[in-house]
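I opened my notebook to work through this fold one feature at a time. Here is the model I had on screen.

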Amino acid sequence: ELHDDEGRGLLAFVELDLGTMSHTRLKVKAGCYAAYAAHAAWVERYAFCPCLLFLTTTEARALAFLKKLATLLEKDGRGGVYDHRAENVSWFAAGACAMARTPQRGLCEPCWDDLTVSGGGLSLLDCLRAARAPYDTARAQEQAERDATEAERQRLHRDPHARRALLQEHRLYARCEHVEQFGTPGALALELLLASTEPMEEVERAAFVALAHQLDPDPLETQFAPEPVPPTPADREAVRRLAEVYRARHDRRISELARRHGFGPKLRRHRPSDLDLRSPAGSGLLDRAAVPFGDEQEEQWS
């Protein structure tokens with residue numbers, strides 16, 4: 001275990017071969033390391049797979065070992081015996097040199113080859129950092145994802161329109177015990193507010209804040225809180241004002257339709273004189289008429 005000049009931990013297994021191992025035994029060793037990588041046996045002890053450093057007596061022997069190891073790793077990666085963990089093969093790095101009898105030279109001289117058999121010229125740090133590189137890349141990617149998630153969370157905190165759009169996308173409808181705490185007019189007003197795609201006015205923003213208090217504290221979670229949250233007096237007042245604004249909008253729209261088309265059966269049932277937010281009957285009339293009509297809706301109502 002070493003540390004580079006940036007303080008990052010570097011790990012390696014060291015195999016020292018003085019030329020006494022047969023090619024068969026070297027092949028078995030290479031197979032064991034390939035299996036170690038494919039099965040991610042390192043995860044219980046290390047944050048990343050340690051580099052394999054193979055010191056032997058000749059360059060030809062070093063390259064032969066790397067070639068055999070690369071073949072076994074490639075086999076595991078394309079569907080060999082360890083296919084179910086083959087993605088871990090990409091974490092494995094190895095270096096070999098012919099400095100078994102003078103290993104101190106391997107610490108400072110660019111005498112290492114890696115799994116690409118690139119012709120040498122690599123330093124010990126090059127080999128060790130290659131083993132750590134996938135871990136650092138994965139950590140950087142995870143951090144970028146966390147940063148992006150947090151940025152989206154903050155955006156939803158700041159922008160009620162964006163949060164409402166997300167709730168609509170996940171089909172969260174505001175008819176449950178959480179909103180029924182505001183009474184029938186308030187619950188219906190919140191339902192309309194949640195369904196609308198029009199920009200929110202000030203009174204709607206205040207009511208949406210009251211609704212947000214009933215939702216999961218994390219705006220990325222498009223669901224209500226596990227238990228209803230007792231509304232504050234300010235929340236109740238915001239929702240009451242919203243219901244009044246929607247009722248007034250409802251009345252104006254009904255009056256306008258009546259002026260243009262006369263009181264048909266539907267308009268007669270919803271004419272302003274029949275509407276009273278304080279009565280159960282009146283509160284039950286607050287419906288889609290509180291939001292703007294399209295031409296087809298207007299024709300149906302008239």
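**Entry 1: the sheet**

I began with a term: two strands pair if DSSP finds at least two bridges between them. Helices (H or I, at least four residues) and strands (E, at least two) are DSSP runs, numbered from the N terminus. I kept in mind that this is a predicted model, in which local features need pLDDT of at least 70, side-chain atom pairs count only at pLDDT 80 or more, and totals for chains, interfaces and linings use all residues. Residues are numbered from 1 along each chain as its sequence is written, and side-chain values use heavy atoms, with hydrogens and water left out.

What is the order of the strands in the open sheet? I read it as β3-β4-β5-β6, 4 strands with mixed pairing. β3 (12–16) and β6 are at the edges and have a single partner strand each, so one side of each is left without a neighbour in the sheet.

I then walked across the pairs:

- β3 and β4 are parallel, with 5 bridges, and Glu15 is found opposite Phe54 in β4.
- Strand β4 (residues 51–55) is also parallel to β5, with 4 bridges; here Leu52 faces Ala94 of β5.
- β5 runs antiparallel to strand β6 (residues 113–114), with 2 bridges, and Gly95 has Asp114 of β6 as its bridge partner.

**Entry 2: what covers β5**

I looked up burial next, where buried means under 20% relative accessible area, exposed over 50% and partly exposed in between (1.4 Å probe, protein chains only). Strand β5 (residues 94–97) is covered on both faces. Ala94 and Ala96 are buried on one side, and Gly95 and Cys97 are buried on the other.

**Entry 3: the cores**

A nonpolar core here is a set of buried Ala, Val, Leu, Ile, Met, Phe, Trp, Tyr and Cys residues joined through side-chain atoms within 4.5 Å. Which residues touch the most other members of the largest one? I found Trp42, Leu52, Phe65, Leu69 and Phe92, out of 26 residues. The elements giving two or more residues to this core are α1 (23–38), β4, α2 (59–77) and β5. I also noted a second, separate core of 22 residues, with Leu172, Leu192, Phe208 and Phe224 among them.

For charges, Lys and Arg count as positive and Asp and Glu as negative, while His and the chain ends are not counted. A salt bridge is a side-chain nitrogen of Lys or Arg within 4 Å of a carboxyl oxygen of Asp or Glu.

Asp235 is buried but has no salt bridge; Arg236, the nearest side chain of opposite charge, is 8.2 Å away. What does its side chain make a polar contact with? I found the side chain of His213, at 2.9 Å. (A polar contact is a pair of N or O atoms within 3.5 Å; within protein, one must be able to donate a hydrogen and the other to accept it, and residues adjacent in sequence count only if both atoms are side-chain atoms.) Leaving out residues up to four places away in sequence, Asp235 touches Phe182, Ala210 and His213, where contact means heavy atoms within 4.5 Å.

**Entry 4: salt bridges**

Side chains of opposite charge can pair when their charged atoms come close. I counted through the list and it holds 16 salt bridges.

Asp136 pairs with Arg8, with closest N and O atoms 3.3 Å apart. This links helix α4 (residues 124–158), which holds Asp136, to the loop between β1 (2–3) and β2 (9–10), which holds Arg8, 128 residues apart. Arg8 is at 25% relative accessibility, so I logged Arg8 as partly exposed.

Glu201 and Arg249 meet at 4.0 Å, N to O. Glu201 is in the loop between α7 (183–195) and α8 (202–212), and Arg249 is in helix α9, 48 residues apart.

Why are they separated by about one helical turn? Because they are 4 residues apart in the helix. Arg240 is partly exposed at 38% relative accessibility, as is Glu244 at 39%.

Last, I noted one network of salt bridges with shared partners, joining Asp4, Asp5, Glu6, Arg8, Arg129, Arg132, Asp136 and Arg139.
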